[in-house]
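Please look through the model below with these notes beside you. They go point by point.

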Amino acid sequence: MKEQKTPLISHIFTADPSAHVFNDRIYIYPSHDIPHDGEDNDNGDEYQMQDYHVFSIDDKSDEVIDHGQVLHQDDVPWVSEQMWAPDVVYKNDTYYLFFPARDKDGIFRLGIAESKKPEGPFAPRKDYVKGSFSIDPCSFKDEDDKVYILFGGLWGGQLEKYRTGTFDPNGTEPPKNEHAVWPKIAMMKDDMSEFAEEPRDIVILDKDGKELLAGDEDRRYFEDPWMHKHNGKYYFSYSTGTTHYIVYAVSDNPYGPFTYQGRILEPVLGWTTHHSIVEYHGKTYLFYHDCEISGGINHRRNVKYCELKYRPDGTFETIVP
Ligand code: FUB
C-alpha cells in the first residue's frame, strides 16, 4: 500500500484504529470522536463518543470506504455514555465487536456486538461481559483458535481503581517505587459467551527481569493494548500515556511475563496515542491517530497508517511521526 502519514479519513473525526485483514481487505474499527466545546480533563470527559463507523481499504485503489454507522449507544441497554476504543475478532463464522463504555453507574465495562459481516452492522448483547471492567479491549486470536481479550487504561479508564481486586472509587496509582499497574488478559470461552477465566495481570519486566515501576513513565503501561505474533513470539504493544510513546514488550507466552524492548512510535500531535499492527500482503502496517486535522484538539483526532519495519533480530525500527 501507499506510504500514508496523512489523515486517512477526513469527513468525520476518528481515533483508536484497530485494523484487521478480512476477505483480503483491511478493515478499520476506530472510535468516532464528536466535536464539542466541553471540558478537556484527566478523566477523559472530552471523549464523548456515541457510535462506531467501520472503514475498509485495500491496495488496489486509494478509496477508503465508510461502511456507515454500525452501532449506536442508544441500541445498547447497559450503556450510559462514552463508547471508546473498540476491536473485532472473527470466530465461529461471526465477527465480534468488543467495545468499552460506561454502564448506568458510570463504571467502564466491556460489551460485545455481533455481525456475520466484517463491515457490520453489529447487534449488541443486552448486558456487558460478566466480570469485565476498564477500557480498550483488544482481541487476539492465537494459532490454536483461542481468543484472548487484553484490556485496561489508567485515569479515565479506571484501571488503577481495581488494584485491590474490586472496584474502589477512590483507588489511585501506586507509589512511584512500586510495580506499575498491570493491564489485564483473559481467555474467552470458545462460544465467545464470556471470559473463560478471571482476568490475569500482564506483567512487564525490564531486561534484567525486574518489574517495571509505576514511576517509570517512559515504559510503564497506561492504555491501548495490542497483541500480535511474529516468528513464534508474542508482541505486546501499548501506550505509555503521560509520556505519549507507543512501546512494546515480547514473550514466549500470551500471558507473559513480557520483556520490554523499546519504542514503536514517538509522540504524535495531541495528548493520546493509540495504535494497532496488521500484516497485509507481506508488509506490516502501524495504524495510529493524531490531531493533525483539528490542529491539536485532543478529542478531534484522525486515523493514519504507515509501514512498520522489523529488524533482522525481531525488534522494530522506531517511527517518528
Ligand atoms: O478514545 C478514548 C481513549 O483515548 C481511548 O480509550 C484511549 O486509548 C485513548 O486513545
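**Notes on the model**

1. His244 is found in the loop between strand E16 (233-239) and E17. Strands (E, at least two residues) are DSSP runs, numbered from the N terminus. The phi of His244 is positive, about 70 degrees, although His244 is not a glycine. His244 is buried, with a relative accessible area of 19%. Buried means under 20% relative accessible area (1.4 Å probe, protein chains only).

2. A word on the source. This is a predicted model, in which local features need pLDDT of at least 70 and side-chain atom pairs count only at pLDDT 80 or more, while totals for chains, interfaces and linings use all residues. Residues are numbered from 1 along each chain as its sequence is written, and side-chain values use heavy atoms, with hydrogens and water left out.

3. Ser134 also has a positive phi, near 65 degrees, and is not a glycine. Ser134 lies in the loop between E9 and strand E10 (138-141). Ser134 is buried, at a relative accessible area of 0%. Most residues other than glycine have a negative phi, and most peptide bonds are trans.

4. Now the cis bonds. The peptide bond from Gly120 to Pro121 is cis, with omega near 0 degrees. Pro121 sits in the loop between strand E8 (108-115) and strand E9 (123-124). Gly256 and Pro257 are joined by a cis peptide bond too, with omega about 0 degrees. Pro257 is in the loop between strand E17 (246-251) and strand E18 (258-265).

5. Which way do the residues of strand E12 (residues 184-187) point? Lys184 and Ala186 point one way, Ile185 and Met187 the other, and all are buried. In a regular strand the side chains alternate between the two faces of the sheet.

6. E12 has partners. Strand E11 (residues 147-151) runs antiparallel to E12, joined by 4 bridges. Two strands pair if DSSP finds at least two bridges between them. Phe151 has Lys184 as its bridge partner in E12. E12 and strand E13 (residues 200-201) are antiparallel as well, with 2 bridges. There, Arg200 in E13 is the bridge partner of Ile185.

7. What surrounds the ligand? Its neighbours (a heavy atom within 4 Å) include Tyr47, Trp84, Glu223 and His289. The shell divides into 5 nonpolar, 3 polar and 4 charged residues.

8. Last, the ligand's oxygen atoms. A side-chain N or O atom of Asp16 is 2.5 Å from one oxygen atom of the ligand. A polar side-chain atom of Arg301 lies 2.7 Å from an oxygen atom of the ligand. Taken alone, the ligand exposes 280 Å², and the protein buries 99% of that.

How values were computed. Buried < 20%, exposed > 50% of the residue type's maximum accessible area, 1.4 Å probe, protein only. Polar contact = N/O pair within 3.5 Å; in protein donor to acceptor, adjacent residues only side chain to side chain. Areas by Shrake-Rupley, 256 points an atom, 1.4 Å probe, with all protein chains shown as cover. Nonpolar A, V, L, I, M, F, W, Y, C, P; charged D, E, K, R; others polar.
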